[in-house]
Amino acid sequence: MTTPALLPLSGRRLPALNLGASSFPHHRATLRLSEKFILLLILSAFITLCFGAFFFLPDSSKHKRFDLGLEDVLIPHVDTSKGGKSLGSFLIHGQGHDEHRHREEEERLRNKIRADHEKALEEAKEKLKKSRDEIQAEIQTEKNKVVQELKKKDSKPLPPVPLPNLIGINSGEPADPDIREKRNKIKEMMKHAWDNYRQYGWGHNELKPIARKGHSTNIFGNSQMGATIVDALDTLYIMGLHDEFREGQEWIDKNLDFSVNSEVSVFEVNIRFIGGLLAAYYLSGQEIFKIKAVQLAGKLLPAFNTPTGIPWAMVNLKSGVGRNWGWASAGSSILAEFGTLHMEFVHLSYLTGDPVYYNKVMHIRKLLQKMDRPNGLYPNYLNPRTGRWGQHHTSVGGLGDSFYEYLLKAWLMSDKTDTEARKMYDDAIEAIEKHLIRKSNGGLTFIGEWKNGHLERKMGHLTCFAGGMFALGADGSRDDKAGHYLQLGAEIAHTCHESYDRTTLKLGPEAFKFDGGVEAVAVRQNEKYYILRPEVIETYWYMWRFTHDPKYRQWGWEATQAIDKYCRVSGGFSGVKDVYSSSPTYDDVQQSFFLAETLKYLYLLFSNDDLLPLDNWVFNTEAHPLPVLHLANTTLSGNPAYR
Ligand code: DMJ
């Protein structure tokens, strides 16, 4: 976890710097070669099998056979229930007349194998006479047929469901001209990010703004799923960039295809794609987004096929085979990953009337409730085979963060009826406050990380989201400690602002220490980067909504200017490798969350509160707004939507 290649990116890992950019033309070439190779491999395997069967089939008239039970697999089964016998039992018991029948049967089989073998050889010869392009075209035709079939299956209309009350989809235009101007500047930055992605990275997952080409990482698998398009849609919508929104919608309609042989992160695909599609659906009412979200969710479900029901971190969208990250403690799944599915999955059940999604996430919750928690803390790692915790590390930043966020938001999203989630949140936050939150010598409140029995006095940029979470959870807190939690949110916001203010670029580092005379400053070189992350701005926005203290707009504006000055390049926006250097180098990645989250939170910070009011909308961890479901007096499974 210490090398850049293993650093958590989104509450989770991900190569932050030196991301191995995949060049897609190259991928396509590899695909062509491997397809041909696989075809030849299958043919030769088949021929070998035929030869093997033909030459090595034992002559049972000479040798006594042992029934190894393989006949059911290798030889067509004879239905014994109709007085027949399996070929295996003929071989063992064959005598006299039986032996004669057996020899005939064997001869018949030999002839069949010979004929099949010759046919296969002919077909292989025919195939090899064809040019590479012809073979490629045939494969493509077959693939298209399969895709069309799947599409037909997947595009079944969904049952109509009454939409929740959608309040506050308006312009939120501020009256103050200065605030309006700032908001327009942020919209212009969004346009710059989108236009360049449109021009140089269209359809790819992300953009390399300096190389001016597409970019991707392992979280999206090996295919072009247009992550930036899906992630950006709702931001475009609320900013009133409707032409751009329509372009994105058209791409999704025509190109977004999940029947791909690609291994993706369940968590990332859920928060960015399913969350993004659902938010786009609720905001715009366009059915296509709902349909795509449901199709994709179906592809994630096989990830839950583990002995415990705790999903794998990754799943192959085509085969449904799942596995965990190689770096995670003892084959574990990650708390912030399997614990960050609830909001989207409840909405999927709501929209489809199918409880399967809801049941999956409730199963995870039930399992977690039953487990012992060291010091009341949830460790970051849980083994999906054994149901046991891995290493006892606890974090409110990478690997843990959004699990806590989703407990609170599950309660909010249920119109505060899911009191079980609220209780789990309250218990968790109490333990966090007791064991992880400290004040530095200089008076800065920070959230450290628990590692094998001791507190590491280090806080990540990711952890800064917690300021907003504490403020959001203040109302409804146990023992009426609303004031306390709002204050805690304000202190975290202050600390995170300090982490920005103490750098040369006025942009925050990835992680900062409170140790050995250092306060809110990164010490290690590989913690000095800023990759366009949103968490600090997210907290400014929540604090602004709850307090209207002008300092949050001021801090948000400082961050806007710093991003525009140091991260903007002519081909988009890039992360920087060292926020303490006056001549920083770029990482050349425009992250999709920059459009989904960073720019959205900034825009909302300079908008009126009636744009997406927090009483009616809950933002998922990728800043995709989902409406509160007013399910009062009913349990989810008793909701009429579940037919
Ligand atoms: C985003 O993908 C989400 O906010 C996630 O929960 C954690 N952080 C990244 C961006 O930093």
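**Close-up views of salt bridges and a sheet**

**View 1. R365 and D418 form a salt bridge, with the closest N and O atoms 2.7 Å apart.** A salt bridge here is a side-chain nitrogen of Lys or Arg within 4 Å of a carboxyl oxygen of Asp or Glu. The pair links distant parts of the chain, 53 residues apart. R365 sits in helix 13 (residues 356-370), D418 in the loop between helix 14 (401-413) and helix 15 (419-435). Helices (H or I, at least four residues) and strands (E, at least two) are DSSP runs, numbered from the N terminus. Both R365 and D418 are buried. Buried means under 20% relative accessible area, exposed over 50%, partly exposed in between (1.4 Å probe, protein chains only).

The model is predicted: local features need pLDDT of at least 70, side-chain atom pairs count only at pLDDT 80 or more, and totals for chains, interfaces and linings use all residues. Residues are numbered from 1 along each chain as its sequence is written, and side-chain values use heavy atoms, leaving out hydrogens and water.

**View 2. R533 meets E510 in a salt bridge, closest N and O atoms 2.9 Å apart.** R533 lies in the loop between strand 15 (518-521) and helix 18 (535-547), E510 in the loop between helix 17 (482-501) and strand 14 (511-515), so the pair ties together parts 23 residues apart in sequence. R533 is buried at 1% relative accessibility. E510 is buried at 9%.

**View 3. R180 and E173 join through a salt bridge (3.4 Å, N to O).** R180 is partly exposed at 30% relative accessibility. E173 is partly exposed at 41%.

**View 4. A network of salt bridges links K185, E188, D564 and R568.** The structure holds 36 salt bridges.
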